[in-house]
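I opened the model and kept a notebook as I went.

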Amino acid sequence: MAEKNKNSSFLKQATILAAAGLIVRFIGFLYRLPMTTLIGDNGNAIYSAGYQVYNFLLILSSAGLPAAIGKMVSERLALRQYKNAHRVFLVALAGSGTISFALMVLLIVFAEQIAVNICKIPDAYYTLLTLAPTIFIVGIMSVLRGYFQGMNNMAPTAISQIVEQVFNAVFSVLLAWIFVGKSVALGAAGGTAATGIGALAGLIVVVITYMAIRPAVIDAVKRRSRGNSRPESVGKIAKILVSTAVPIIIGTAIYSITNLADMSMVMDRLLASGAFTAEEAESLYGQLQGKYVVLTTLPVAISTSMATAAVPNIAASMALKDRAGVQRKINMAIKIAMVISIPAAVGMGILAHQILLMLFPSTPKGGDLLAIGSVSIVFLALSQIVTGTLQGIGKVKVPAVNAAFGAVVKIILNYVLIVIPEINVKGAVISTIFCYIVASGLNLRALIKAARFTPDLIGSLVKPLFASAIMGVFCYFSYKLMFFVGAGNTVSTLFAIAVSIFVYGIVLLLIKGITKNELKAMPMGGKLAAVFTRLGLM
């Protein structure tokens, strides 16, 4: 019964984050539609260039903190060292606040030089200025989220993410609409300014939550700390925090560096080909970031949430030396990520051009990027979930090293492929695929060796692939049929997507590709499981 409860808790927390992740990604996807209409592909290039630099600095200040804090707090709570768990939070808060404030100031001071020399898009100066304060806000918020995650309470993180994205979406479109009349660059900057407004709203949510639960939960459990648990010194906590967070930051930063490499190399190599003007190169980069990246990262919300939930849960099992629990959680996390990402990749690849025409009727270019790059969804999802499990079992340095190998492959392929006029920006998509193949493959091999577990290849790979292949056939012909009878692209695309979801779900259930507990780990999974049970499909 205890094992079932632990498993249920893991699924519950993963479900909360997965549901929030899907909502956040969906809102983010929705507001990019009017944004793209307002600022176009060139505006997307300006928006994305500033955002990539901001994201890199954000990673340096706080990216590893939620995972590191969650891991450290959950380990101490598992051992009933409640006071030490709270001390981890306080030390992390001071450190993150200092670093993120310093990086905010540096970005403001050097914004112009970064826009010209790194972004290669001078108009990105305005987006960098508007994004700078967000670094400090998110740095503080990430510590609070990590603390709640370590307490195995994903609700504050989930709620704050949704609130943050709602404010971001509303003000992105509003400010872009207000300022785009002056120039496309200011319209893009208006969109990025909303990122800070959203982050501030999210921070307010987690601060209020912390203040609300502190008397009844945090202070109460601190008083129940084991008498023989010695208070950890600030220096010791800081040392463990740094040794845990830095490898995570490095690994994440390496992926961010590859995005920065895309930003710089796409522009440089396209111009070096002699086949494109600066404006055309900027437009192609806008298609890459504003369409391909936005759409392919949408289905990965599930695996991202599973990875976030896996770190403290697996760390707690490791602290209690529960090897069976560790292996069960790893296999479940990988399987759920693959059950979602494989059909998403197949469907997006088949309907790539149709989806862009439906979503961006005035600027539908970029379908080739989506068709070729849809496979990256699978390897990005696998890379994220395996990285999270490696961090959970304490192997925090391994993903950083493997990410470096993937980044090297990407940079080399970028240099070789983008300059070829027939390939152009598609080279960045191809290099991304191979980057994630290398990183996820090396991570998976390291995980198998470190955790000494046997991957469920049939459940995680073979069955989802089989169901997705059948789904793909129905997807292709259902679109052709509807379009043939004159339904139009939008109706035909939506019909094909609905048919695909139905066919994939039925096939997966018939071949027993997912269990009731695994389905419950997905948003709305509990209700679906009840329906399928009544129908005799589960």
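**Helix packing.** I took axes as lines fitted to C-alpha atoms, for helices over the stretch in contact, with angles running from 0 to 180 degrees between N-to-C directions. Helices (H or I, at least four residues) and strands (E, at least two) are DSSP runs, numbered from the N terminus. This is a predicted model, where local features need pLDDT of at least 70, side-chain atom pairs count only at pLDDT 80 or more, and totals for chains, interfaces and linings use all residues. Residues are numbered from 1 along each chain as its sequence is written, and side-chain values use heavy atoms, with hydrogens and water left out.

I looked at α4 (residues 124-150) and α5 (residues 155-179) first. Their axes come within 9 Å and cross at roughly 145 degrees. For contacts I used heavy atoms within 4.5 Å. On the α4 side I found Met141, Arg145, Phe148 and Gln149; they meet Pro156, Thr157, Ser160, Gln161 and Glu164 of α5. Sorted by class, this contact has three nonpolar, four polar and two charged residues. The classes: Ala, Val, Leu, Ile, Met, Phe, Trp, Tyr, Cys and Pro are nonpolar, Asp, Glu, Lys and Arg are charged, and the others, Gly among them, are polar.

**Whole protein.** I noted 19 helices and zero strands. Of the 538 residues, 55% are buried (buried is under 20% relative accessible area, exposed over 50%, partly exposed in between, with a 1.4 Å probe and protein chains only). Among contacts with a separation of 6 or more, 82% come from residues 24 or more positions apart.

**Aromatic pairs.** How many aromatic pairs does a search of the whole structure find? I got eleven. Rings of Phe, Tyr and Trp (its six-membered ring) pair if their centres lie within 6.5 Å; planes under 30 degrees apart are stacked, over 60 edge-to-face, the rest tilted. Tyrosine 125 and tyrosine 126 are edge-to-face, at 5.4 Å centre to centre and 70 degrees between planes. Tyrosine 125 is partly exposed at 27%, and tyrosine 126 is partly exposed at 36%. Tyrosine 147 and phenylalanine 148 have centres 6.4 Å apart and planes at 40 degrees, so I logged that pair as tilted. Tyrosine 147 is buried at 4%, and phenylalanine 148 is buried at 0%. Ring pairs also link Phe89, Tyr147, Phe148 and Tyr210 into a cluster.

**Charges over rings.** My rule was NZ of Lys or CZ of Arg within 6 Å of the ring centre and within 35 degrees of the ring normal. Arginine 269 lies over the face of tyrosine 415, 3.7 Å from the ring centre. Lysine 291 has its charged end over the ring of phenylalanine 360, 5.3 Å from the centre.

**Cysteines.** I counted zero disulfides, taking one as a pair of cysteine sulfur atoms within 2.5 Å. I also checked burial: cysteine 119 is buried at 0%, and cysteine 435 is buried at 2%.

**Two single residues.** Alanine 451 lies in helix α15 (residues 426-451). Alanine 451 is buried at 4%. I set aside residues up to four places away in sequence; alanine 451 then touches Arg323, Gln327, Ile330 and Ile393. Its C-alpha is 8.0 Å from that of valine 326, 125 residues apart along the chain.

Is serine 273 buried or exposed? I found serine 273 buried, at 19%. Serine 273 sits in the loop between α7 (234-272) and α8 (278-296). Leaving aside neighbours within four places, serine 273 contacts Val419 and Pro421.
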